[in-house]
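Take a walk through this model with the structure in view.

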Amino acid sequence: MDWNRKSKRDEIRRQTELVLKDRKNANLITEIVGLMDQDEEHWVIPMAQTALSKIVDHLIRQGDLDYKISDGEEEDKEGKELSAMEKYRSWIQDTYSEIYDKTLRLLQYHGKKKENTIREVSLVMIMKWLVTFHEKNTRIGEANWTEHDLKTPPCTYFAYAQSEILNFNDSQSGPSLICHSPSGDSIYKYDYEVTKKNFSSLWEEFLRKTKLTPELYKRVLIIISDKVMPYLSRPLLLTDFLVNSYNVGGSISLLALKGVFTLIQNIIWSIRTFILNYIFLTSSYLPEYLVASFIKRLSRIALNAPANSLPLVFNFIGNLLLRHKGLIKMIKEDGSPNEDPYLADEVDPSKCKAVDSSLWEIETLMSHSLPQVSQSARFINKRLPEIEWDLSVSLETTMQDMMDKESKKKNLQEDLCDTAEVLNLRGVWLKDKEREIFIESLRSKRNIRKLSIPYIASNHMLDVLSRNSSQLIYLDIGGSSELSLAGLTRLHTVKLISGCRNSDLCHTLQYLNLGGVGKLQLPPENVADILFKLKNLISIGSYPYTGEAAALSKKKSGDPEFKLKLRYMHDSDTDCGRFISLIKILPDLIGCFLYNPEDAVLKYLHSFKALKKLKVSKTKASLLQESLEKLGSQGLMELECINLRENLDLSIVAQTCPDLTVLEIFYSRGVMVSSFENFKFNRMKKISIYCTEIPSYSCRPILLSVPHVEKLTLSQCDSLTDDSFFEILGDNSFQDLVELTILQAPFLTVQTIRCIMTCLDKLTFLGKLDTWNVLWTQVEEVRSEIKEYNLKLKLWESFSANDINGELGEMNLRNNVFPEGAEYLPHFG
């Protein structure tokens, strides 16, 4: 997008303000209406729609559209000159008809970009005018609404939309109520979830802004319980409305009673009750007998409680035990109902003997038929965590949510079908019986090619794999503490009665993640044996002494021409002599991570002719810049720097590495731009500078240097202002930008957020807004606008503790796609 877009937006805003200010400027409406033609630029039409929506709403409320000269009046006034106001109102009525006709045509807009946005904004405009006209008790012009008279209260339309649209939730195609093409088919693709979201927004807006007459009030209360609440995304928002209605008195109270009961039955019990109790029991100074009696009573109630509420109950009880350590004694192995001293009928907490009781109720629920409940109840058999459970995770869990989750699960034995080629157990913990089932299934998995069993791999598993998996290419056993050195030898050696033979893995295995294996770090000598035996390995993952192990492997072979096929190397404390020897041993090296290398090591990096990805930690920026002068000419594509001890000159990086697509700098001293001339990263797709000082004069050139960037993260942008950012957008359109994170920008306001929403079509993520000059209320207002226009933009801020924890948490979640070194495997993914 060029700079013309901002000037056009400013011009439309100026014209709109003039029209709203004085009728004398009404002629400007014609210019704005002209921008709604379908042959206009896709980015101009939404601007014109927004402006005309405000203008028409103003005209309706001002009464300018209440009057139109009839045919009879025109005959009576023949030969008479119309007054200025009559002429104006006649003209404004014709202009409104033109606006309305164009808005209807835009409901079927077809263009290269922003089709859905333009269509949806058109529909929102019509619905808003409908509500405004109803408030003025005025009939809308000549719209083709056939189902209902337009004087019908808006809530009737909402109920009609619900009954005709949301009740089709089991239909594949959905209804076709509005905006049909000439062929008779709806141009809108039916989506139940989107329809539900829009329906919720309509009701929230309606109840918040509409003044309800007594008749309308009653109609709303009649339909809200059965025809509205089941389809709302957030039915809790009706709490205040229903409670206030109940307090009105008379027939209104009676009608509100059913809605209040529905909330109490399905929602409020599990949310308000727990929130209030959580607040009341926050103090650690409460007497133990009081808290114990509460825990015991809650445990007893849990025996008959709905299954969807039980995980929340267990987490709540666990938090109380964490706060009151003296009550952990209630978790007893020998607790039983027959020997329980608890007096359930005693009303005095000090006399009910809850402190001497046990939590046998929770132990009983460990045998619940739903796995989610039984697993949650097992917390009493484990060591309690240091940090309390987050109750918000389970607050609004419904029975349907639990059943849907269970229906998506597959039985472990079904997952482990004999023909499977890929099996990923990352994040899965196997207990004794489950582990036996899994190991037994491995015996029949002769076709498996990729297996991920981090943290749960054992010697027995490796033995079974080496004997039965003749096609295994990828094996992730990282972090498995139960593996021993003897167990790892089974990867390449199969023990027989008559002796030993080489495993099939010696020929097939290409990726083996050894990072964190064993109770202690694996000695390089033992890893050298693995490299020597498994000659086709491309990577051994995050093992931090790969270079040393490779050098020892050559020594073990005794062959001066010995080579390995490794494409990725993670090495620590690398000395220059060993690094030079690796040049011949690893001729195919593509990616390299050097942690705290000797200074002389970096000047030999260019000797690895195939090197495309470099990651360095704890080294000098000046030495890195010298090595890039030779390394960049070989086509270096990715560079990551951690804990650099000097300022890195990005202008040198850009000059020496023209093919760079990824640049990440973390926790380093700083970056700088010494020369603005030809400072450009034309192929850069991702740039992250985090916890690293950026001089105020360097921020703008960095943003201008990446015209095709897709993911951009900058910290310490204290020189950026709204105006400077607008100017940057004028020079660099960021046409491919998907994720933008700017930290510590105290002069950026909500105006920049709105500008970004308008200008960056592909953007889906924007942060970190709590480090900008914006308020939480402003962010929430923007979120409402995003929701109203169905944009995919996600805003990241941490104004409250319940939001994203840790500034790097979100970035790590998005960036850590593969285990370290796995991307060099051609078959991966």
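The charged end of Lys768 lies over the ring of Trp796, 5.7 Å from the ring centre. A charge counts as over a ring if NZ of Lys or CZ of Arg is within 6 Å of the ring centre and within 35 degrees of the ring normal. Lys535 sits over the face of Phe532, with 4.1 Å to the ring centre.

A word on the ground rules. This is a predicted model, in which local features need pLDDT of at least 70, side-chain atom pairs count only at pLDDT 80 or more, and totals for chains, interfaces and linings use all residues. Residues are numbered from 1 along each chain as its sequence is written, and side-chain values use heavy atoms, with hydrogens and water left out.

Now follow the strands. Helices (H or I, at least four residues) and strands (E, at least two) are DSSP runs, numbered from the N terminus. Two strands pair if DSSP finds at least two bridges between them. Strand 9 (residues 613-617) and strand 10 (residues 638-642) run parallel, joined by five bridges. Ser617 faces Ile642 in strand 10. With helix 25 (residues 621-631), these two strands make a right-handed β-α-β unit. Right-handed means that, with the strands pointing away from the viewer, the path from the first strand over the helix to the second runs clockwise.

Strand 10 also pairs with strand 12 (residues 662-666), again parallel, over five bridges. Here Glu640 stands opposite Glu664. Four of the five residues of strand 10 are buried. Buried means under 20% relative accessible area, exposed over 50%, and partly exposed in between (1.4 Å probe, protein chains only).

Next comes strand 14 (residues 686-690). Five of its five residues are buried, so strand 14 is largely enclosed by the rest of the structure. Lys686, Ser688 and Tyr690 cover one side, Ile687 and Ile689 the other, and all are buried. Strand 14 pairs with strand 12 in the parallel sense over five bridges. Ile665 has Ile689 as its bridge partner. Four bridges join strand 14 to strand 15 (residues 711-714), also parallel. Ile687 stands opposite Leu712 there. Strand 14, helix 27 (residues 696-704) and strand 15 form a right-handed β-α-β unit.

Last, the aromatic rings. Rings of Phe, Tyr and Trp (its six-membered ring) pair if their centres lie within 6.5 Å; planes under 30 degrees apart are stacked, over 60 edge-to-face, and the rest tilted. The count is 13 aromatic pairs. Tyr96 and Tyr100 have ring centres 5.8 Å apart and planes at 45 degrees, so the pair is tilted. Both lie in helix 5 (residues 84-106), four residues apart, about one turn. Tyr96 and Tyr100 are both buried.
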